[in-house]
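Please consult the sequence and the structure alongside the points below.

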Amino acid sequence: MEIIKLMEHIKITEVKNAKQIDITGLAYNSRKVKEGQVFVCIKGFKVDGHQFAGQAVENGAVALVVEDFIEGLEVPQYKVENGRIALATLADAFYDHPTRKLKTIGITATNGKTSTSFMTNAILENHGLKTGLMGTVVVKIGDYAEPSELTTPESLDLQRFYAQMVEEDVSHATMEVSSSALELNRVGCVDFDIVTLNNISREHIDLHSSFENYFEHKSSLIRNAGEDKVAILNLDDTYSASLVNQTKAEVITYGVEEQSADVTCKNLDLSTGRAKFTVVISKDIVTKDLVIPKQQFQIELSTPGFHSVYNSIVSIIIGLLCEVPVETIQKSLKEFVGVERRFEIIFEDDFKIIDDHFANSGNIDITLGTLERMDFNRICLVYAIRGDRGVTVNRENAETIAKWAPRLGIHEVIATLSRSHVTQKDVVSDSELAVFEEVMEEAGINVRLYEELPSAIEQGLQNIEEGDLVLLAGCQGMDYGAKIALEQLETIRPNVDKKKLFQALEKRVAGNS
């Protein structure tokens, strides 16, 4: 592509060393620059891409996009106000606007993005559509998949993935959209057709400096949607509901408690932990492209948890918007067994072991609220304290556990720092541990603290009896928990069917190495 034609897509304030050249691509990581590419300098939280411009030129960069001119480099330099916005715009243009050629679905929430995305993808695939999927667990392009590095990739990688989807004849692409991606303009040029905001609770406060900023970035996915788009909003969530009149998009509302929503549910049965309910569409839903008729139909989920009801309703609405028959939606959700570490039942015999990522107070509320509806004798909670998320998040997590403890009969928490199972960025600080112990002490809950994850899980499995439930709870610190627990069970019960025992680990990405 001629550099002049590419640069027409962004607002350039000044040019230095201008000349006409052909370019082969874009890069933002100096170590990954290839001959003939344009290097875009991004000012990050920890490093400034301008510092690596010289290295980028040495590696083959033939031009730079900068926020500040760099002395001593003779290649063309195009000055812009914001490097991140420029990267997103240039990437979209270089790959010829791929999301305009796809039915693109953007799903954001504090909790449930991954499960909702996977449910949606299952429904679309079962309708015979060729699909793409991007999120926390995997990047999937048709039949190809690779593990994810970020919930939402950097804008250049994102547009490259979308371009590959177009090349592979993918028609529908579902994407988890993180608050960081929205703040950092990674999805600025993605042409979403359907957007959803399922729920909001306190998470990533330190990154966004306040809850207000977090909500501002999260909600921008809805507020920026155009009038030819569809926004799906949850009336049971105050923050999601507040956006109904804040978008130009066609709005479809849903709710479990709020029966005034366009899509609701009744006859909800969660006695086994896996929901059965009736979907109620009380009136015809009319969008620009189609009419979803007034109707009722049964849904039976294989994924456990009350939160799965909300996730599934979003995926049902998306399926209907994509003209998937109700029978296909019903079959897809009954067959869908869930996403790893999202209220995942990894052992189910005379007692249960459930693995859940317990990310924040909202997630903990949903998980423990689901357990309250289930039948069991005793709960043993093995909790990996969350590292590097600050005192605020850890206090709120601990307070939420303390709030539910008396209702669930929890008098003791087996806690772990998971020292050998987290990277440096997820190490639990002294202040994070102190606030957890302080809240537990105030609530009268005994804490058994273990430095290492295997020791904590061993303690948790020690006195389990028939009808009990073990909850392996925590984010990065508990990623290896399922593998460790099942290996310990194999030792405790040498006659167990090993294939059945380790079935939950067969396709697992987290903590399975």
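Which residues of H8 are buried? In this predicted model, they are Phe211, Tyr214, Phe215, Lys218, Ser219, Ser220, Leu221 and Ile222.

**Helix H8**
- Helix H8 covers residues 211-223, 13 residues in total.
- From its first C-alpha to its last, H8 reaches 17 Å, close to the 18 Å expected at 1.5 Å a residue.

- In soluble globular proteins, nonpolar side chains tend to be buried together.
- The largest nonpolar core has 45 residues, of which Val263, Phe277, Ile299, Ile313 and Leu321 touch the most other members.
- H10 contributes the largest share of this core, ten residues.
- Apart from its neighbours within four places in sequence, Val263 is in contact with Ile252, Thr253, Tyr254, Gly255, Val279, Val280, Ile281, Ile285, Ile313 and Ile317.
- A second, separate core comprises 31 residues, among them Phe343, Phe358, Ile385 and Val413.

**Second largest pocket**
- The volume of the second largest pocket is about 1300 Å³.
- Its lining consists of 39 residues, and those closest to the pocket centre are Val337, Gly338, Glu344, Ala504 and Lys507.
- At least two lining residues come from each of helix H4 (113-126), strand S8 (138-141), strand S18 (295-304), helix H11 (326-335), strand S19 (344-348) and helix H17 (498-501).
- By class, the lining of this pocket has 18 nonpolar, seven polar and 14 charged residues.

**Cavities**
- Two cavities of 30 Å³ or more are present in the structure.
- The largest cavity holds about 50 Å³ of space, and its lining has five nonpolar, five polar and two charged residues.
- Residues that line the largest cavity include Ile385, Arg386, Asp426 and Cys475; Ile385 is also a member of the second core.
- The second largest cavity holds about 40 Å³ of space.
- This second largest cavity is lined by Ser115, Met119, Thr303, His307, Ser308, Asn311, Phe336, Gly338, Val339 and Arg342.
- H4 and helix H10 (306-321) are the elements that give two or more residues to that lining, and H10 gives the most, with three.
- The lining of the second largest cavity comprises three nonpolar, six polar and one charged residues.
- Gly338 lines the second largest cavity and is also listed among the residues closest to the centre of the second largest pocket.

Conventions: Residues are numbered from 1 along each chain as its sequence is written. This is a predicted model: local features need pLDDT of at least 70, side-chain atom pairs count only at pLDDT 80 or more; totals for chains, interfaces and linings use all residues. Side-chain values use heavy atoms; hydrogens and water are left out. Helices (H or I, at least four residues) and strands (E, at least two) are DSSP runs, numbered from the N terminus. The expected span of a helix is 1.5 Å times one less than its number of residues. Buried means under 20% relative accessible area, exposed over 50%, partly exposed in between (1.4 Å probe, protein chains only). On a 1 Å grid over the protein atoms alone, a cavity is a set of points where a 1.4 Å probe fits but cannot get out, and a pocket is an open set with protein on both sides within 12 Å along at least five of seven lines; lining residues have an atom within 4 Å of a point. Grid points are joined across faces, edges and corners, and a volume is the space filled by probe spheres set on the points. Ala, Val, Leu, Ile, Met, Phe, Trp, Tyr, Cys and Pro count as nonpolar, Asp, Glu, Lys and Arg as charged, and the others, Gly among them, as polar. A nonpolar core is a set of buried Ala, Val, Leu, Ile, Met, Phe, Trp, Tyr and Cys residues joined through side-chain atoms within 4.5 Å. Contact means heavy atoms within 4.5 Å.
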